[in-house]
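Thanks for coming. I will go through one structure today, starting with a strand and ending with the cavities.

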Amino acid sequence: MSVINVTRSSMPDFAEYCEEIRELWDSHWLTNMGVKHKTLEAALQKRLQCEYLTLFTNGHLALENLIEAFGLHGEIITTPFTFASTTHAIVRCGCTPVFCDIDPVSFTLDPKKLEALITDKTVAILPVHVYGNLCDVDAIDAIAKRHDLPVLYDAAHAFGVERDGVSAACFGDAAMFSFHATKVFNTIEGGAVCCRDAQTLQRLCDLKNFGIHGPESTPYVGGNAKMNEFCAAMGLCNLRHLDEELEKRRKVSERYDEQLAGVPGLQINRIPDGVRSNYAYYPVVFDGYRYTRDEVYALLAEHDVIARKYFYPLTNAFECYRGQPGFDPKDTPIAAHVADRVLTLPLYADLPLETVDQICKIILS
């Protein structure tokens with residue numbers, strides 16, 4: 001086999017993308033919410049069934065701007081079993097992350113452990129949908145309502161996921177999506193926030209454009225987080241092919257299931273009834289298997305298969321936070337247990353099924 005990476009970016013036909021960007025050479029409008037930007041926003045708003053949506057240059061800045069748009073100052077309850085961006089965004093916005101442990105099956109924030117962490121300093125809950133697995137949104141919503149707290153979802157992994165026909169974009173007070181090149185749907189680099197009211201939308205639009213509200217009005221201290229026209233054009237192309245991409249990913253995921261499900265010591269991801277998955281990742285937890293996660297990782301690498309320890313380490317174990325109060329993986333033992341044992345296997349739309357067979361053979365041999 002040639003080198004098999006853990007993911008591979010979906011891209012349209014070269015001619016299709018060239019045709020999509022052709023008019024940019026006529027208009028010379030390359031950024032600042034041009035035609036492609038507006039067209040993609042409208043298309044995504046329809047696809048995600050959300051009331052309001054605005055695009056960003058990437059998911060991380062979308063999350064930072066979202067926290068700022070809600071005017072949050074204090075403690076935000078979140079999960080350490082996530083990408084660095086989630087925790088960094090909270091800290092960079094001047095808030096304090098409080099880490100809740102995870103559910104051992106879905107790998108998402110465990111609502112049974114949530115309420116005990118709420119104090120008079122808590123200003124929001126920021127759960128993360130992981131691997132395309134949705135959080136227990138109903139339980140989290142009930143707790144948030146009891147304590148009058150906003151719920152902001154990091155939905156970077158959940159684009160296209162639905163529960164009983166309802167999009168992941170519709171849960172909580174707002175949801176952030178990432179359109180990074182490695183995601184199920186990409187705009188090369190990009191992101192979006194879906195929210196429920198026009199006031200939040202306007203604040204987000206102002207903040208991502210230097211705080212400028214109009215030609216002579218700048219009510220906020222903002223930054224520059226606008227998606228450019230070329231990224232928006234890539235998004236328009238990729239969106240046309242999303243359903244066929246998801247179907248290909250489903251077949252790859254199910255091929256893994258056929259060979260790894262039921263193997264002692266391997267915990268694979270299970271999609272609940274009523275959930276339409278996006279097959280974003282294929283995590284396997286090696287717990288009691290005859291090889292450890294690290295041994296399997298090294299064995300695959302010997303065969304030029306690049307898997308990923310995702311998420312490892314936990315964000316509450318990062319060296320940049322070492323010694324700070326509240327940053328201790330021992331406080332989230334289930335998350336720590338999974339982080340030490342999880343490996344995401346290669347999964348992308350064009351991954352040949354025969355290659356999946358070879359990967360499984362290496363693991364099981």
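How many of the residues of strand 9 (residues 191-195) are buried? The count is 5 of 5, so to speak a strand that is mostly covered, with buried meaning under 20% relative accessible area, exposed over 50% and partly exposed in between, for a 1.4 Å probe and protein chains only. Strands here are DSSP runs of E with at least two residues, helices are runs of H or I with at least four, and both are numbered from the N terminus.

Before going on, the basis. This is a predicted model, in which local features need pLDDT of at least 70 and side-chain atom pairs count only at pLDDT 80 or more, while totals for chains, interfaces and linings use all residues. Residues are numbered from 1 along each chain as its sequence is written, and side-chain values use heavy atoms, with hydrogens and water left out.

Back to strand 9. Gly191, Val193 and Cys195 are buried on one side, and Ala192 and Cys194 are buried on the other. Strand 9 pairs with strand 1 (residues 52-56) in the antiparallel sense over 5 bridges, where pairing takes at least two DSSP bridges between two strands. Leu55 has Ala192 as its bridge partner in strand 9. Strand 8 and strand 9 also run antiparallel, joined by 5 bridges, and here Phe177 stands opposite Ala192.

Phe177 brings us to the rings. Rings of Phe, Tyr and Trp (its six-membered ring) pair if their centres lie within 6.5 Å; planes under 30 degrees apart are stacked, over 60 edge-to-face, and the rest tilted. That rule gives 18 aromatic pairs. One of them is Phe159 with Phe177, edge-to-face, at 6.1 Å centre to centre and 85° between the planes. Phe159 lies in the loop between strand 5 (152-154) and strand 6 (162-163), and Phe177 is in strand 8 (residues 174-178), 18 residues apart, so the pair links distant parts of the chain. Phe159 counts as buried because its relative accessibility is 3%; Phe177 counts as buried at 0%.

Tyr310 and Phe311 make a tilted pair, with 4.2 Å between centres and 40° between planes. Both Tyr310 and Phe311 are buried.

On a 1 Å grid over the protein atoms alone, a cavity is a set of points where a 1.4 Å probe fits but cannot get out, and lining residues have an atom within 4 Å of a point. Points are joined across faces, edges and corners, and a volume is the space filled by probe spheres set on them. The search finds 4 cavities of 30 Å³ or more. The largest holds about 100 Å³, and its lining includes Tyr281, Tyr310 and Leu347. Leu347 counts as buried, at 2% relative accessibility.

Terms used:
1 Å grid on protein atoms, 1.4 Å probe; cavity = no way out; pocket = protein on both sides within 12 Å on 5 of 7 lines; lining within 4 Å.
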